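Open the model alongside this text and follow the paragraphs in order. Each one takes up one part of the structure.

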2 protein chains.
Amino acid sequence: MTSDRLSAITPSSQGNDNFGSEVTLDIPPSGMYTGSTDYIVQDDDPQTERGCCEKSGDWAKRTAANVFRKKTLYKRLPILQWLPKYNRDDFVGDLVAGITVGLTVIPQGLAYAGITGLELQYGLYGCFFGCFIYVLFGSSKDVPVGPTAIAALLVYQTARGSLEKTILLTFLTGIIEVLMGILQLGFLIDFVSGPVSAGFTSAVALIIFTSQLKDILVVDTSGDTFVDMWISIGNDIHNISWNDAALGIGCVFLLLAMRVMTTVKIGPKDGQKVWQKVLEKTIWLIGTSRNAVLVILVALMGYVLRTSGIDIFKMVGFVPKGLPEFKMPPFSSTTYTNSTSGEVIETHENFAQMVSSLGAGLIVVPLISLLENTALVQAFADGKPCDANQELIAIGLCNIGNSFAQGFRGNGPIARGAVLNASGVRTQLSNLYTGVIVIFALLWLTPAFYYIPKSALAAIILSAVIFMVQYRVIKPMWRSKKTDLIPGIGAFVACLLLPLQIGILVGIGINVIFILYSAARPKLRVETACTSNGIKYLMLTPDRCLIFPSVEFVRNVINKQGRKSTLPVVLDCTYIYGADFTAAKVVSMLISDFEARNQKLYFYNLQRRVAQVFEGLNKGLIVIYDAEHLEMELAGKAIEANK
Amino acid sequence: MTSDRLSAITPSSQGNDNFGSEVTLDIPPSGMYTGSTDYIVQDDDPQTERGCCEKSGDWAKRTAANVFRKKTLYKRLPILQWLPKYNRDDFVGDLVAGITVGLTVIPQGLAYAGITGLELQYGLYGCFFGCFIYVLFGSSKDVPVGPTAIAALLVYQTARGSLEKTILLTFLTGIIEVLMGILQLGFLIDFVSGPVSAGFTSAVALIIFTSQLKDILVVDTSGDTFVDMWISIGNDIHNISWNDAALGIGCVFLLLAMRVMTTVKIGPKDGQKVWQKVLEKTIWLIGTSRNAVLVILVALMGYVLRTSGIDIFKMVGFVPKGLPEFKMPPFSSTTYTNSTSGEVIETHENFAQMVSSLGAGLIVVPLISLLENTALVQAFADGKPCDANQELIAIGLCNIGNSFAQGFRGNGPIARGAVLNASGVRTQLSNLYTGVIVIFALLWLTPAFYYIPKSALAAIILSAVIFMVQYRVIKPMWRSKKTDLIPGIGAFVACLLLPLQIGILVGIGINVIFILYSAARPKLRVETACTSNGIKYLMLTPDRCLIFPSVEFVRNVINKQGRKSTLPVVLDCTYIYGADFTAAKVVSMLISDFEARNQKLYFYNLQRRVAQVFEGLNKGLIVIYDAEHLEMELAGKAIEANK
């Protein structure tokens, strides 16, 4: 049975996932595949007969051809898919969801601007133009484009609070995202594993938490890393402002309490009365808009206190009214710093200097942004694949747009995406309504921002980020795969001790070492077996591909086992799905090792593409494809030996 | 049949290769394993149930315990194994082989010193003390310790011709080699594949070839890389010395002709007469000692010319007589350079500065040295494994010794090892005789070296390195695995364009990307199958482990195939030998994807350790181990659907 082997030319209908290479198929052993009618192979293996060169040639052609096809137009402008079908229900759903998110994003935008080290209005400048662009290019209805905590921290760590560099970073990362999307580099985020992503997010949460203590406790939290920040806090702790601290901590508890309101259920699960439904929905809406409610409350309180002449809280202060000026991103910058002698020092940086000071952030920031965005898309996609490349292009264009509106980088954060989804969003158009709400706030609400206490904004951030610490993932990870804690904890610790961009690279590096180790040390099963004629032989079964880091190890094991007995050795190659030139060389050494010992070596059930690799170097390869032949060969050997 | 599954606790007799983890064994499907009596699994997989932490703990304990065991003593001092059995035949074999290699290593040592940029005597200083040490610690009889062309070039590229730095490099790399050996890091060379190694060696040969043109053509060949050197030659070509060039090229042809003498056969293959044997052996010996013969001839010629007052060749000049002073390696250096104004500038470097100028060479040089050495050991080991860690320790101690004798780095080059083996070497003691010959030369022959023309020494190098250009490997590589040409050519080009240490890392990097790609894009076979009751289902078979870079891709393929039809989907997990937490998470997403579509998803033949990973996160996993159960499950599903 095992001997049946079919060849099938793969149909090319599989699109990008399929390179149409010829593959050998094994009919599985048991009798269950009686009605097998259709063979499709998803072949994306570099180790097939068709060279990687040809593939990259194909890839270039395909990419070039794809750019100008109708299907591609629909893919690149998803609005063409959903707008023609847009109806009244969609409009209502999107309007409600868009406004709900608008009420969330205005206080969050102000607060996250604090993380980036910029003035607060810049947080709102990044909340509308990008939204409009996403309506055209976005591939998912669940993405509310806008500032996120992670992006804000990365922006701060890269641009260090310089307005010019922040906007240039937004512009350049936008361009890089579009290029990566066009070049189909979205797959790069596959190399960030779940544990590394969890470790990174948790570290980000702790760092943001710590940085916000500067507004809650009003202490100094300067420093590049988590440790530096705590040292700075320790040195400055005597300057703590008890008023702000009390207000901030109070606000955190209020927000956490209001968060519970989103889960309140009223009445029986089935057969809710109308008033119960309305009440439940109202409570949910207040809970969801808790940030906006809080900001209104504390701003009112601030206004009353200030007009009464009581000045006990640090306020946000003047926020300029109106829309930002639309202009080109800055390609040079001039900063003024005060020297110790009181003089003002003017530092001028040209474009090259600015770019080099942004450094690795230009690559890492888009990748992490994409990671956050695809996590959101997948969370609500019901198993439909997330087009990471289209998301790269859409978010990239949003950020290019934002940079002209002087906003800082944004994408879709998971928490706000969940609000959007729960508010009944139907299409990407919800972003339009969110953007309009933000413009309204900029035009008419900024004078009210003056009275918001800073610690209340910090409380908004704190009550958001504490849920980003992913301690809950540890237990399932421990149950499922303990070794995965190593890259996870590694990334977490590295992100706390080193700059974030380096930290996540350390985590990815640890994971890559795991893959390399797995490639270097396959498992070999060793059995002494017996044919039906009673001829004993040694059966060795490697469990994965044979490539250069493992072949010397495998050769040593096979020789060791071979030398232990004088039995003929059968190498069961069923599980060897790939091999390289180094493996072929070592197989030829193995064959001569066995010839020197006058011991027989058979290759059983070698897959054809692996056999081709081996046969390129070895003419004396004895390959056997079925049990019957193997028995005959072994018997033949026995007869020879008896002669 | 496929349903039979056994568990076996792995016996711990497998030593270091085995971590005694529990493994599930599959009895292969056909009836051939009737007499299977013995199960051994070589398990070195990081993805088994026992965590990597425990493993590294084990590893530390094992390493510590190993240091103090009798077996370890024999392993670390191989002389204890072979010296007690030493007999007269061994003595004769070793003496002849040792002297033959001595006649090769003296001219080569002088010549290779030219590559390092040091005075010639330093080439000989590295040829005796290390030999004596290797007798004690060396694990292979076929290794003649001494300078090699590759090591000399690496020494030059790292130490840049500074004597102090060269000797410090020899000392420090020796210590690093010993440490790496003790820490069992010898496996690192597994990550240098055959193609990368071939590309590197070929580039080294071309670079050495080019650098030696300075002595053959007497033109300037300064420059860090291959391209720089040729530019320098182009600028200086008008200064070519025709006398030296003619002599050098003549010597190259003479050496190549004498090389053919080693393959001359006289008389019939069977039944050679005694005089034929003696003649053949004599011709072979002259051919093998061709470097020594050439040096004697040209030194005589040089002497005659000089005493006749004819000065047409550049000579080696004064070489100090006697053994080097034995002293500590230098931990600081002072160099004198002439400034343009004629002043002598004194530059002092302390230990830290010297170490930092040696840089990555401290790691790369030992690894490449080990690569060369293990290639030699394996070439003549008849399939016995090479103990890379013991070789690291032995070569490390040799180099520490050499640094006290003011020699530069050495190890066993393949070409000289072949001479040793062909001369009938029996044990490591041959190195002793080689060392004695070199001491003899230092004590009495140095005055004669004065008259050797430099171009003759360069000819010795040229006629050795041209055989290191591995163009012959291209054809089998093309036939066997075309994509392997990419890392090979990549390493070759990178080594020519960049410093060698960086070049080989580029080659390794390209290879690592291949491994990662293979981990990221498994192949999936898709079949529409049918049970014996006529129930159709979709059978999807991934061909390798599911780990983080591939799982999202696999999920998309499975969902795509699942959505195309409403058939139940069976995931054949026979070939999945490993999984991680990210895979478990994606499997749980996959399960809910299918639940949302109300489509059945079965996991068929899941290996137990993979099942454990998945079950850590998923309670609703339907795992089926045999065809019968699968048919029943599918039938049950069909009945439900018909209700």
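This is a predicted model: local features need pLDDT of at least 70, side-chain atom pairs count only at pLDDT 80 or more; totals for chains, interfaces and linings use all residues.

Strand E7 (residues 536-542) of chain B is joined to E8(B) by 3 bridges, and the two strands run parallel. One pairing to look for is Leu540(B), whose bridge partner in E8(B) is Leu571(B). Between these strands lies a helix: E7(B), helix H23 (residues 548-564) of chain B and E8(B) form a β-α-β unit, and this unit is right-handed.

On the next step, E8(B) is joined by 4 bridges to strand E9 (residues 601-604) of chain B, again with the strands parallel. Here Val569(B) has Leu601(B) in E9(B) as its bridge partner. To get from E8(B) to E9(B) the chain passes through helix H24 (residues 581-596) of chain B, in a β-α-β crossover that is right-handed.

E8(B) therefore pairs with E7(B) through 3 bridges and with E9(B) through 4, and a strand with two paired neighbours can be checked for what its side chains do: a residue counts as buried if 20 or more other C-beta atoms lie within 10 Å of its own. In strand E8 (residues 569-572) of chain B, Val569(B) and Leu571(B) point one way, while Val570(B) and Asp572(B) point the other way. All four of these residues are buried, Asp572(B) included.

Turn now to chain A and to what the UniProt record says about its later part. In an unreviewed entry, the annotation "domain: STAS" covers residues 534-617 of chain A. Over residues 534-617 of chain A the model is 50% helix and 18% strand, with the end C-alpha atoms 34 Å apart.

Within chain A, Asp593(A) sits in helix H24 (residues 581-597) of chain A. Is Asp593(A) buried or exposed? Asp593(A) has 21 other C-beta atoms within 10 Å and is therefore buried. Apart from residues up to four places away in sequence, Asp593(A) touches Asn559(A), and also Asp382(B) and Gly383(B). The C-alpha atoms of Asp593(A) and Asp580(A) are separated by 20 Å, the two residues being 13 residues apart along the chain.

Under "transmembrane region", UniProt (unreviewed entry) lists several stretches of chain A, including residues 283-305 and 432-450. Residues 283-305 of chain A are 96% helix and 0% strand in the model, and their end C-alpha atoms are 29 Å apart. For residues 432-450 of chain A the figures are 95% helix and 0% strand, with 27 Å between the end C-alpha atoms.

Helix H6 (residues 129-137) of chain A is a covered helix, with 7 of its 9 residues buried. Among the buried residues of H6(A) are Phe129(A), Tyr134(A) and Phe137(A). The cover over the buried residues of H6(A) includes helix H3 (79-82), helix H16 (388-404) and helix H18 (430-449) of chain A.

H9(B) has 21 of its 23 residues buried. At 1.5 Å a residue, the 23 residues of helix H9 (residues 194-216) of chain B should span 33 Å, and the end C-alpha atoms are 32 Å apart, which agrees. Just after H9(B), Val218(B) has a positive phi of about 55 degrees.

Also in chain B, Ala151(B) belongs to helix H7 (residues 149-159) of chain B. Ala151(B) is buried because 27 other C-beta atoms lie within 10 Å. Leaving aside neighbours within four places in sequence, Ala151(B) is in contact with Ser369(B), Arg409(B), Gly410(B) and Asn411(B). Ala151(B) and Ile414(B) are 263 residues apart in sequence, yet 12 Å apart in space, C-alpha to C-alpha.

Chain A has 26 helices and 10 strands, and 50% of its 643 residues count as buried. Of the contacts in chain A with a separation of 6 or more, 77% are between residues 24 or more positions apart. The mean pLDDT of chain A is 82, and 88% of its residues reach 70 or more. Confidence in chain A is lowest in strand E1 (residues 5-9) of chain A, at a mean of 31, and highest in helix H8 (residues 163-182) of chain A, at 94. Over residues 1-56 of chain A the pLDDT is below 50, and this stretch has 115 contacts in the model beyond near neighbours in sequence. For the complex, the predictor gives an ipTM of 0.76 and a pTM of 0.76.

Definitions and conventions. Residues are numbered from 1 along each chain as its sequence is written. Chains are lettered from A and ligands numbered from 1 in the order in which they are written. UniProt positions are given in the numbering used here, feature names are shortened, and annotations may be inferred rather than shown by experiment. A residue is buried if 20 or more other C-beta atoms lie within 10 Å of its own, exposed if 12 or fewer, and partly exposed in between; C-beta atoms are placed from the backbone. Two strands pair if DSSP finds at least two bridges between them. A crossover is right-handed if, with the strands pointing away from the viewer, the path from the first strand over the helix to the second runs clockwise. Two residues are in contact if their C-beta atoms, placed from the backbone, lie within 7 Å. pLDDT is the predictor's confidence in each residue, from 0 to 100. The expected span of a helix is 1.5 Å times one less than its number of residues.
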